[in-house]
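Here are a few exercises to work through with the model open beside you. Take your time with each task before reading its solution.

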Amino acid sequence: MLARQPGNERALSGLRLIDTARRHETLYKEAEITWAKQDAERAKGRLRTILAANAKHERALALQRVIDENTAKTGKESVLAAAFRKPITIEFRDTPLKTVFEVISRTSGLNFVFDKDLRADQKTTIFLRNSTIEAAINVLLLTNQLEQRVLDGNSILIYPNTPAKQKEYQALVVKTYYLANSDAKTVGTTLKTILKTRDIVVDEKLNMLMIRDSLEAVRMADKLVALQDIPEPEVMLEVEILEVKRTRLQALGINWPDNIAPRALPVDGLTLKQLSNITSETTGVTVGPVIIRANQTDSDVNLLANPRIRARNREKAKILIGDRVPNITSTITATGFSSESITYIDVGLKLDFEPTIYLDNEVAIKVVLEVSNIRTRSTPRRAPSLIRSVRARRPACCA
């Protein structure tokens, strides 16, 4: 358009938008690369440049949320990780549990909050030398049937490991899965069986699945859904129906005349009297033309049909080139009563196949070919166009 109208404003605006989109795509790729290298500041700088020009850039917003969440999580976990790595040596025998946690708190700088149902007289015995704070806490929790929940960067909640307390203190996450290839009801059954999750909502109309569970269970659900919600492999079968001649004719060279036609002379003005006196001198001969062929014709195949069909893995598909015709079947009972039933059958070329696609992309196809034609046709009063019998041939074929 600019070649015809160099000053077209809409065309110039479109070019500017294309240049901006390309520039943003380059910045986004740079942000992905820098974030993969764990350089959050440089990645966020690239994203800020994109969002300054286009505040609704979906991919830039999504990547920015991921970076912010991971940065906050890393910041919170870094304090705990540093405290958990501190060495400790403790030896207690029949000591109140809260006293042991108080010693660990003074050594590590961590804060421990206890549930109200934790017994005040609960005692424990622990002997650890040259160990770490993390190992000491895990041993205490394991031997006293307790569980922990991280509240912030340096505070941990200790509560009894019972189903009621887990339901009360576990951080629950709600996540929605929109499935594209799998059935939501089937995937929901899988999650209930493996994860023992009860809070699952299935919307069959939208093929959507909603789950509410702990963060660990949701992460496991992500993996299970990814394993099941994969595209179904398909096979494209292209069939050619050919008519092949049994003989091959090559027409090349000279076609000599193969007949002569005698005629009486003269052709015009011949009388009946002259016909009685016809001799070899008064009879002419017409010889057929001589044809020289300089081209070669070598054709013995005629393409009748070229259908294509797609079939999913382990599902049957059929190609029919022909007609679906009615067939009358007569039945005579022992009492002499006769009845007729009409069934419709496929007449022509019918190809049934079922593909099997393996994990290594190998494909095996089970093929059944049937060629049938109408042998006789009856003309009864009520159904003059019904077929009385069909002759079919089923050659064995597989691939």
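**Exercise 1.** Which strands does helix 5 (residues 133-143) lie across, and at about what angle does helix 5 run to strand 4?

Solution. This is a predicted model, so please read each step with that in mind. Start at helix 5: it lies across strand 2, strand 4 and strand 5. Its direction is at about 135° to strand 4. Now look at helix 4 (residues 97-108), which also lies across strand 2, strand 4 and strand 5. For helix 4, the angle to strand 2 is about 160°.

**Exercise 2.** Work out the order of the strands in the open sheet and find its edge strands.

Solution. Begin with the order, which is 2-5-4 for the three strands, with mixed pairing. The edges are strand 2 (111-114) and strand 4 (146-150), each of which pairs on one side only. On average, neighbouring strands of this sheet are turned by 30° against each other, direction ignored. Next, follow strand 4 to strand 5 (residues 155-160): five bridges join the two in the antiparallel sense.

**Exercise 3.** Find the residues of the nonpolar surface patch and decide whether Val244 is buried or exposed.

Solution. First, collect the members: Leu242, Val244, Val301 and Leu303 make a patch of about 350 Å². Strand 10 (241-244) and strand 15 (301-305) each give two or more residues to the patch. Val244 itself sits in strand 10. Finally, check its relative accessible area, which is 55%; exposed means over 50%, so Val244 is exposed.

Notes: Residues are numbered from 1 along each chain as its sequence is written. This is a predicted model: local features need pLDDT of at least 70, side-chain atom pairs count only at pLDDT 80 or more; totals for chains, interfaces and linings use all residues. Side-chain values use heavy atoms; hydrogens and water are left out. Two strands pair if DSSP finds at least two bridges between them. Helices (H or I, at least four residues) and strands (E, at least two) are DSSP runs, numbered from the N terminus. Axes are lines fitted to C-alpha atoms, for helices over the stretch in contact, and angles run from 0 to 180 degrees between N-to-C directions. Contact means heavy atoms within 4.5 Å. Patches are made of residues with over 30% relative accessible area and no salt bridge: like charges are joined within 9 Å, nonpolar side chains (Val, Leu, Ile, Met, Phe, Trp, Tyr) within 5 Å. Accessible areas come from the Shrake-Rupley method with a 1.4 Å probe; for residues, only the protein chains shown count as cover. A salt bridge is a side-chain nitrogen of Lys or Arg within 4 Å of a carboxyl oxygen of Asp or Glu. Buried means under 20% relative accessible area, exposed over 50%, partly exposed in between (1.4 Å probe, protein chains only).
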